[in-house]
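Please walk me through this structure.

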Amino acid sequence: MKNYIKADEWNIIEEGFDPHLNKISESIFSLGNGRMGQRANFEETYTGETLLGNYVAGVYYPDKTRVGWWKNGYPEYFAKVLNAANWVGIEVKLDDEILDLATAEVSDFKRLLNMHAGYLERTFTAKLKSGKTLKVKSTRFCSIADDEVGAIRYSITPLDFDGKLTLTPFIDGDVKNQDSNYDEKFWDKIADEISGTEAYIKLRTKKTAFEVCTGSNIELYKNAEKLDINPEAVRKEKFVGQTFSIEVKANEEITLVKIAANLSSENYPKESLLKETKSVIANASAKGFDTLLTEQTEAWASKWEESDIIIEGDVSAQQAIRFNIFQLFQTYTGKDDRLNIGPKGFTGEKYGGSTYWDTEAYCVPFYLATAPQEVSKNLLIYRHKQLGKAIENAAKLGFKDGAALYPMVTMNGEECHNEWEITFEEIHRNGAIAFAIFNYIRYTGDESYLSDFGLEVLIGIARFWKQRVNWSNDKQQYVMLGVTGPNEYENNINNNWYTNILATWCMKYATEAAGIVKTQQPEKYNSLLKSLNFDQKEFTDWADIIEKMYYPHDEKLGIFLQQDGYLDKEQTLVKDLPASERPINQKWSWDRILRSCFIKQADVLQGLYFFEEDYDLDTLKRNFDFYEPRTVHESSLSPCVHSILAAKLNDEARAYEFYLRTARLDLDDYNNDTEDGLHITSMAGTWMSVVEGFAGMRVRDGKLQFNPFLPGKWKSFSFTIGFRGTTLKINITESGISIKNNAAIDLEIGIRNQLYKLAGNTEIEVNNAALV
Ligand code: BGC
């Protein structure tokens, strides 16, 4: 746990340079725009500890799988988001000395991420070995207004000397992934071009043959006056740049502006990539840095209009929630249905940048409420497009007749995960994908999604579950054997309650969805079922399983059992674990973890979160009180679900306690792993803790409901959501709740147990005293 980020409502601030924190800060201060992103690496040379990271969405490398013991059904490769060409580099040389913060004496160092305007700023003073001192200020961003463009303004002021300043801005494609399985480099150079102030390099990924063209154009200013430069080309292995020198005097400010672009063959024909990159560079350069920055500021301002959460009375909570929202929008903007949200976004290599069930279970609710409907729809369509691969994936494991098993980890629909207990067994992910369809329709009311895309996916998933269960003669019920639940600290278990309940829910929902499509679009329904070779008997089979499924539970304790035999384990509580033994995934052998009763993340409770309407509060409480004390929360996805359930149980203190564990997870490096990258998908969970937890927001029967409380330390909190054509601003204070409806659309809204009319363009205010 660290505590070095200064509290501020709109900015993330680091003051003072501590090289030991550099990799953590590189993650925290990351930039992105949904199409590309990068860690906050320094522009100038840095020979200290760093994790270089520039990423281009959708461009990956199939790194050959490395496992100790091969099992049939394993994927051939693990897709990796590639460390791509580094376009931020600027070598700075004063006479013969290279500016390098690892060797210079650094003072007045400040890094600032302005979340309102979407840029990163860094200022410092450096004293070089020779004693020369200079001041630097850099500002950079990845444009959200034009997501192929990035820009840097890098100013250098010599403070106590006159001399020769040599600048070498460059694009370096000779980069590696830190986590490459065979220590290979993943890029080949196809072409490069350096002409005057412009430089381009076109690289192709090995095996996948994606092409990315990265280009830049530079301008130079002395005290705001533009200078003509005639740089010399620099060409090295997969490296293009320009170098030039200028005589500078003390206190003169020299500013290099570097406008960059990244275009990929995912969006352009390969043969025209270079030409298109040149044209993007020409347009962006014509606008200039200031205009690009203004566009960036405006684009972010409108994102904040739709999504901000304002917390009064707690600056550190305010900073944290905005940081989470900011990073989510830097990662995914929803413009492209081929893209998704890697658990680390564009902030690191871990998890390969691939798609997990995190998207459906955690991120979809966030984008549903904070972005236009197309954004969450595109997340669903991403999976619809991969249905064919999910069917192939299931077939590879022996399933048939159109059964679909979505991968645990994927880039393009193919499974990438290669631990049998996850790949083959952690099949609950299939259910989360179906649940997201349900959630999307519940929120938006857009039932046409079912006939256009959803039903096909639901049928594939239901078919899988039908084949995955088996009839137990002994129990005279259906069972599901050999699975791993969300609690990955146990594998190959039988009858994971969560997976069983999710499986039957999927079959019920697929049946219901079929009914809706049949009524609304009979022709489409008939042709879809025909194309899927659907036999009406499948409905009967599903109904039989729904009726006769076995769900483990314990009568005496009145709880659902995480799996068969869970109570045979030695029952100890997390509070009795010595601090020195935590986190257990770092301190204990895997064998010991597997045999213990400790739970990695919400499992039974994940089910109670999804299907809360089916259970009364007493049931929820008994299960919460039993499972939470056994949960180590060693997945960042865990605390948020607990926070929401605690809020539902009116346990405000615990709801807030769990929220704190998720909200500043990365800012305070809570789990000592921020240097690997940020926990992007769990950031959506933090948002859920506030909106679904503290505000108790739900959509039921097409209506919004709130069941709010104000966390002790806060004076008030308010948030904006989009809902069925309108934008609502909800404000919760000590005295009650007010909701402002910003469009001419009439709504009915539930607050606690009462329904209120909220006419278009009006506001209601309900005092706590009036609430029951
Ligand atoms: C969690 C999974 C999650 C993955 C990626 C793991 O630690 O157990 O539930 O999908 O991280 O975030």
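The count of aromatic pairs in this predicted model comes to 62. Rings of Phe, Tyr and Trp (its six-membered ring) pair if their centres lie within 6.5 Å; planes under 30 degrees apart count as stacked, over 60 as edge-to-face and the rest as tilted. Take Tyr566 and Phe626. Their ring centres are 6.3 Å apart and the planes stand at 75 degrees, so this pair is edge-to-face. Tyr566 lies in the loop between β26 (559-560) and α13 (584-587), and Phe626 in helix α16 (residues 617-627), so the pair ties together parts that are 60 residues apart in sequence. Helices (H or I, at least four residues) and strands (E, at least two) are DSSP runs, numbered from the N terminus. Both Tyr566 and Phe626 are buried, where buried means under 20% relative accessible area, exposed over 50%, and partly exposed in between (1.4 Å probe, protein chains only).

Other rings gather in a group. One aromatic cluster is formed by Phe435, Phe438, Tyr498, Trp505, Tyr509, Tyr609, Phe610 and Phe611.

Rings also meet charges. A charge sits over a ring if NZ of Lys or CZ of Arg is within 6 Å of the ring centre and within 35 degrees of the ring normal. Lys303 has its charged end over the ring of Phe329, 5.0 Å from the centre. Lys475 does likewise with Tyr550, at 4.7 Å.

Now turn to a sheet. It is open, has 5 strands in the order β9-β8-β14-β20-β19, and its pairing is antiparallel. The edges are β9 and β19 (232-236), each with a single partner strand, so one side of each is left without a neighbour in the sheet. Two strands pair if DSSP finds at least two bridges between them.

Start at strand β8 (residues 90-94). Its covered face holds Ile90, Val92 and Leu94, while Glu91 and Lys93 make up the uncovered one. Strand β14 (residues 163-172) runs antiparallel to β8, joined by 5 bridges. Here Lys93 stands opposite Thr166. Towards β9 (residues 97-98), β8 has 2 bridges, again antiparallel, and Lys93 has Ile98 as its bridge partner there. The hairpin of β8 and β9 has 2 residues between the strands, and Asp95 takes a positive phi near 50 degrees.

Further along, β14 pairs with strand β20 (residues 239-248) over 8 bridges, in the antiparallel sense. Leu167 has Phe244 in β20 as its bridge partner.

Residues are numbered from 1 along each chain as its sequence is written. In this predicted model local features need pLDDT of at least 70, side-chain atom pairs count only at pLDDT 80 or more, and totals for chains, interfaces and linings use all residues, while side-chain values use heavy atoms, with hydrogens and water left out.
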